[in-house]
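Keep the sequence and the model side by side as you read.

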Amino acid sequence: MTNGASAPAARIAGLGLPRWMMEPVVPPVAALGRATVRLFLTSAVVLFLELLLIRWIPANVTFVGFFRNFLLMASFLGIGAGILFGRDTRRLPISLAGVVLLATTVLVANQTLEVTIPTDSEIFLGLHETQSSAAGFVVLALLVMLTSIIMAAISLPLGSLLAS
């Protein structure tokens, strides 16, 4: 512990986190402290990350490209949930966005799900003829869940900013 403080004295009441985890690493900039500026910057980051996920995931996992609207709906669901949960004052100050974004990056980087098109006239995406697309549906469901969690975690500050 820093400054020779005892463990119970260095803990924040109710959360059980050490004091050094609650203090900012970089001192705050006065111009960025206003709620309107923070609202604009947070909204810009949320929009950038949404566009990044919607474009990058289908570019690397071809199977997901056929279900691009699922990622868009997952983004909107995550943003709405993040705003709702962000209004709660009892939430943890630590965000899970980085960990979940890393998990999504690893999943997308390791998956090479391609769609095989047997004829020029139709594309079949289902479990009726072959079991090979079952992995594609699992990856699609995982990516939809991870996209919702990322967007919820990144839009948590919007709840309190919109309420102010």
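Start at Leu71. Leaving aside its neighbours within four places in sequence, Leu71 is in contact with Leu53, Ile54, Ile57, Pro58, Val64, Leu143, Val144 and Thr147. Contact here means heavy atoms within 4.5 Å. Leu71 lies in helix H4. It counts as buried because its relative accessibility is 1%. The cut-offs are these: buried is under 20% relative accessible area, exposed is over 50%, and partly exposed is in between, with a 1.4 Å probe and protein chains only.

A word on the source. This is a predicted model, in which local features need pLDDT of at least 70 and side-chain atom pairs count only at pLDDT 80 or more, while totals for chains, interfaces and linings use all residues. Residues are numbered from 1 along each chain as its sequence is written, and side-chain values use heavy atoms, with hydrogens and water left out.

Now step back to the whole chain. The protein has seven helices and zero strands. Read along the sequence, the pattern is α-α-α-α-α-α-α. Helices (H or I, at least four residues) and strands (E, at least two) are DSSP runs, numbered from the N terminus. Of the 164 residues, 30% count as buried. Take the contacts between residues at least 6 apart in sequence: 75% of them join residues at least 24 apart.

Next, the core. In soluble globular proteins, nonpolar side chains tend to be buried together. The largest nonpolar core here has 22 residues, and Leu53, Ile57, Val64, Leu143 and Met151 touch the most other members. Such a core is a set of buried Ala, Val, Leu, Ile, Met, Phe, Trp, Tyr and Cys residues joined through side-chain atoms within 4.5 Å. H2, helix H3 (62–65), helix H4 (68–86), H5 and helix H6 (134–154) each supply at least two residues of this core. H6 gives the most, with six residues. Look at Leu53 for detail. Not counting residues up to four places away in sequence, Leu53 touches Pro58, Leu71, Leu101, Thr147, Ile150 and Met151.

How do the helices pack? Two packed helices are described by the angle between their axes and the distance between the axes. Axes are lines fitted to C-alpha atoms, for helices over the stretch in contact, and angles run from 0 to 180 degrees between N-to-C directions.

Take H2 (residues 35–60) and H5 (residues 97–110). Their axes come within 10 Å and cross at roughly 20°. That makes H2 roughly parallel to H5. Angles under 35 degrees count as roughly parallel, over 145 as roughly antiparallel, 65 to 115 as roughly perpendicular and the rest as oblique. On the H2 side, Leu49, Leu53, Trp56, Ile57 and Asn60 meet Leu101, Thr104, Thr105 and Val108 of H5. The residues of this contact divide into six nonpolar, three polar and no charged. Here Ala, Val, Leu, Ile, Met, Phe, Trp, Tyr, Cys and Pro count as nonpolar, Asp, Glu, Lys and Arg as charged, and the others, Gly among them, as polar.

Move on to H4 and H7. These helices pack at an angle of about 60°, with their axes 6 Å apart. That makes H4 oblique to H7. Gly82, Ile83, Phe85 and Gly86 in H4 meet Leu156, Leu158, Gly159, Ser160 and Leu162 in H7. By class, this contact has five nonpolar, four polar and no charged residues.

H7 also packs on H2. The angle is about 145°, and the axes are 10 Å apart. Ala35, Arg38, Leu39, Thr42, Ser43 and Val46 in H2 meet Pro157, Leu158, Leu161 and Leu162 in H7. This contact divides into seven nonpolar, two polar and one charged residues.

End at Leu161, in helix H7 (residues 156–163). At 6% relative accessibility, Leu161 counts as buried. Leaving aside neighbours within four places in sequence, Leu161 is in contact with Ala35, Arg38, Leu39 and Thr42.
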